[in-house]
Amino acid sequence: MAALYEATTLCVLNVGPGGSDSGISGIEPSADDDQVVVTDSARSVTVYKVSDKKALGSWTVKQGQTVTCPAIYNPQTSEYVVVTDSKVIRVWKDSDINIDRAFKTTVSADVWRVLSVPDSEPLVLFQRGAVRRLDTLLADPQQPVENVLPEEAVIRWSAVLNVEQQPCLMFLSEQKGETLLLMQRRHPDSAARYRLEGGEAPLSCSALPCDGGVRLFCLYSSGSVYESVVPIRGAGGVVEEVQPLPRTLLLNLPVGEGKLESASAVSLDDAHVALVGVPHPSAGPGKDFLCIWNTNFQTLQAAKEMAGRIYGQLWCSCGKLYVPHGKSLSVIPFKCQKSSLAAAMGKLRQAGSNVPASGLYTSVPSWTAATPDMRSTKRTLLRSRDVSFLRLNQFLEDVKIASAEEVQKKVSAFLSNLKNLHVIQVAAGGLASVLVSRCQEQPGFYPHSALVQLVHSQCLSYSVCPHLLTLALEKKDYALCQFCLQVFPDIPEAVACSCLKAFLSESDGTLDTVSLERDSVAFVEGLIANSTQEGGETQQNGFCPTTQVEDGGGGPTHTTPAVLTRSSMPLDMKCPVGLHKAVLLNEILQVAYSDCFLLLHLKTLSAPQVILFLQYLQFLYGKYSQDLHTQVSALRSPAMTQILDWICLLVDAHFTVLVMAPEARELLSHLHKVVRLQVKVFSELGKIEGCLQALQKAKQSGDVCQYSIEVIELF
Amino acid sequence: MGEFTVHRVRFFHYMPSGICAMAFNRRTERLAVARTDGSVELYSRTDHFFQEKVVPGRQQRSIQALCWVGKRLFGAGLSGEIAEFDLDNLRLKFSQDAYGGPIWSIVCNPQGTHLAAGCEDGTVKLFEILEDQIRFERNMGGQKGRIISLAWHSSGTKIAAGMIDMIKVFDLDSGNAVQRLLVERGSRMQQSQECVVWSVLFLSDIIVSGDSAGKVKMWDVNTGTLIKNHQVTEWDVLTLSVSQDETSLFAGTSEGTVVQFQLLDVVLGQEEKEWVRTRTFKNHTHDVIALAEADTVIISGGMDTQLVVRPLLDKLDFKSRDSSLLKILFPQRSLVSCAKKAGLLLFQYPTHLELWLKTCPSVHLMCLFPVRLGLQGEDHVCCSAVAPCGEWIAYSTTSGIRLYRLQRDNKNVSITKVPKLPKVLRHAHQLCFSPDSSHLYGTTSSAVHVVALTSAGCKFEHSLKPNSCVDSDGKFLASANSNSEIHIYNMHKLKAHCTVPVYRSGVSAMGIHPETNNLVIVHADHQIFEFSIEQMQYTDWSRRVQKEGLHHVWLERDTPVINVTFNPQNPNHVILHDSYMFCIIDQSLPLPDRKSQFHNQLTLKSLPEAERLKHSHAFKECKLYQPLLCVDMLENQSLVVVERPLLDITTNLPAPVRQKKFAT
């Protein structure tokens, strides 16, 4: 899943004449991960602190000069680099006030971009395709520069990625209706050329490193997003001939009429792409959205409406998206989680629960902020004071090492602080996963109350943290089991069945020491108390004692005269299980299930367990038939239909066993009578239905005669 | 409370007639409505549109236009005569032939000194309004083509006349047409079909016209050019109405819709304004022929015979009787009289009476057969009554009163007219027999006349002054007039006994209790009073009602109570009814308090007998039968209920121009 958070405005745009240009030529990461360098398309470079929305410094070149490439920050030397008038390279530090007094030098050819390389010297890419390291270029500015590209070729896009710990520079050049991808690496020195399939130049490109290569995402004006995998050859050498680069269609977005004019795509991780300028599939025209699409399932994961005009520009840096729209530049933090179809269905045993906390937030490389590695991402997240999920990350780190009591305190404080429901859900899921995996690793560690509190927050579900329930079962924490059974909406049948087995096989003595939820206990207590007190005086649902004596009085199984006189049904039988066991079994009865799956797992119950459970169900059924459930009020109590369904399922699953087992014979015959009675009642009801319908019809036919005598009664 | 035998009668084929003209008098807040049978009804706006007076109709009288001049009401129609209505005596005051063929429209000038009539011969005839008559002054125009609609400019110097295919503007000083605005024919219809300008309005700077091409057009007064053209409907725009401040305009169409236009700022806060079509109301099934705008409501009427009062302020927070839609379909007076002892029903139709007799007196079954009384003359019946013993029938038209004696022996019924009625009793607004059938009381605008009835004949006894609603219990007679003054007379002494304090709302029904001599009065605003005649003061029950206040559900009903009767078996029971319910008030039970459920019959039915008394209150309302024209109680605890199903009325109407079909 991916989510977009609240947008904040970083600065106001100097929209160019006609309003077609946002006035921003580039946004690059700066010294701190909370800072960005924003380059104006005219003359100025500004450094902003994102969390404070404050400009830290601003530099403007003289009138008449223009900034031709986005300024970058060189972390090696803590200097900013920018190119003015295509040929003049200027280098300055934070302390410099006037850019004109800073260092500048003129090179012999037009520069296309200066590209910052993580942990290395920046690279300078010339318009004709040559590449130099910045330090070597500054040492000899007038050195001759070779021409890699022909004169008519235009560079459309360039990026530097760290592939196999080596910087790899790639850029797209367009010439004569042909788009070439050029790729250069320094160690070993290699260059390769690829021809993009389709010919036309993409509107926007984005690259991600992958195993043994680079994945290139291209957005075309038809609304299609294609992916190409560019292999990285181990051997060096310059390959002169142009190789074709195959592509696969990832997304085909609805564009409406015409073609996209200005749109931009940034790949956030291997499954998510952020898009701006592409219409929202369900919103009307005239509205612009920032969308995050899942390329694996072609689903729209998150969208945010952008007010005002969209310029088709989008940058991504340190977990935030930068979108110029209308008259402002907005910063939108985002988050992408691993997603799968199975997770969406709630049926996946996610591997993610064992993943360390930092794995929750996959690194977000982008072509503008050349692949910050995992470590730097985490540093960013921890340092920025922005959104609450960043605090969560910190918190998860703490939880990993704290003692059980501290964990408890922290969890309660944390949950009480969070207000946003969405954040709580993410946070609670992450936290539960961390706690469960820690419990599995450290046998002595088991923060019962913290887990109970998490479950109580109602934000967890089984699929978010699948090991929690099994862990509780292992630790025999039946209270937690009860809460989980109450709260989780998506417990798989197998797990429900294993819970059932555990409850049935546990002795009543141990269970009675467990403290369970008051309300459910009170409900069962009420049932049991009623059964001991009065048996059943008012019997409804067709269970008139006199008719039952007639019906089943002669049954061979009734050995005791008491049963014969009172009723053929042991409606006032004793509860076959202990109080707390009954409470837990009630919770099982209320779990949602699909009967064909449950049937498979029910077969694994042993014969004594089945008989015990059936007896309990029969007891419940007897109580319910006596209309006691209306007298004993409870928030949660199994419904009559649930009880009947479980009886049916149990008998179905173990029919042969039950028939063979001598101790089950009495039980079966009782159940048989129940069914016979029900059938009889239903047939009687069917007869009544006909009469009622006739009555209704008779009532509807209103008289239309001119004169009638009627009798009315007024009260 | 008990069981009641209900005689549910549905054979009164009362048919209301369509509305053909309307005029609203802003000064007196009275609405005059003319119907196709020639009758004119007066409604009071201040009194929740209570029908105060009805001028009975006349055969062959058709009213095309109504016009208020001060407190005087003028009407004109296709007979070619202009008539003034006498609103005190509820008859025609005079009528004068305009000698221009059928008159389609009359208007009076803003000063109230002149009337203009648009005639068939193409002339606009100007009349001067005098004290007791009107005098022809001059003609304007006179070419071919009838004049359908007229509008007088507020300055009084110009008249716009809607004709066929054009509008002419006449200057009053010169008497000549100064402008001729051509109205194009509709594109839908064949070009050959002429376009009738059904209605014109003369605002201060524009002329608005509604025509048979379904368009509302705005014309510039000075240049005579078309400013704006609104295609409102595919059928005709029949009538227009404008608010007094000229910011809101309504158009009624043949489809049954009323369309509102408003003069709104083109740009908010700027001077420039434009007429914009804003709302459409669809409350009629047939043509909307007449519209009247009364400040916060728009009143519309048409061929479907109902008068619809639509409030324009619909964003009111609280719901009240004034802010809800009001439909007036049935007359707010009783057209049925019932002889309690004899079990007779007398139905009053405009042109005849129908008497239904009980033929088998032994059974409580009412075997009825009709006796039809045709009328003489052209005037319509204005009131009728049957004596409780069933021997006498009286009816009145504007021209005279007729009394009949009914004699029954076994199966033969003979009706003989009683000759020589006293000359004083020329016509009556209300007729009433004394409970012992010995006297007939007839009211005129000035007096109550008493006529003694004997088997030999009748004899004038006395005149009591002044008078409209009458009820009597033999000893006392109460009469209420349109100013809601109630006078009580002692009939033994033939003298005025006392008067009841005047209440602000009109009396819609009243009745004197036969045993206690208490007068129960129900007003148009649904207030109920009980006045003890002997003690000459309000009874304790009445004071309790006033103190505790009536339940809001009772007060929010939209039709007034039209009859008050009493249960002969139980003196505590008062039976009231309006068009949609009847209600038995048990005076021995507590009144419903504000929070309690008013319609509690179903609740009471579900309760066990013992608890019913605890939950029941005085108002026993029954909505089983509707719409109701009459509810009366016979002697043997049986009710007579005369129903007129709405479906029967709608099936008798002509087919509408356009019917809403599913998914169109």
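## Where chain B meets chain A

Across the interface of chain B and chain A, the rule finds one salt bridge (a side-chain nitrogen of Lys or Arg within 4 Å of a carboxyl oxygen of Asp or Glu). Its partners are Glu710(A) and Arg8(B), whose side chains meet at 2.7 Å, N to O.

This is a predicted model: local features need pLDDT of at least 70, side-chain atom pairs count only at pLDDT 80 or more, and totals for chains, interfaces and linings use all residues. Residues are numbered from 1 along each chain as its sequence is written, and side-chain values use heavy atoms, without hydrogens and water.

Helices (H or I, at least four residues) and strands (E, at least two) are DSSP runs, numbered from the N terminus.

E1(B) gives the most, with eight residues. E1(B) also runs antiparallel to strand E30 (residues 707–714) of chain A, and eight bridges join them. Strands pair if DSSP finds at least two bridges between them. Gly2(B) is the bridge partner of Leu714(A).

In contact (heavy atoms within 4.5 Å) are 24 residues of chain B and 13 residues of chain A. How much area do chain B and chain A bury between them? About 1,800 Å², 57% of it on carbon and sulfur atoms. Buried area is the accessible area (1.4 Å probe) that two parts lose on being put together, summed over both.

Key: Chains are lettered from A and ligands numbered from 1 in the order in which they are written.
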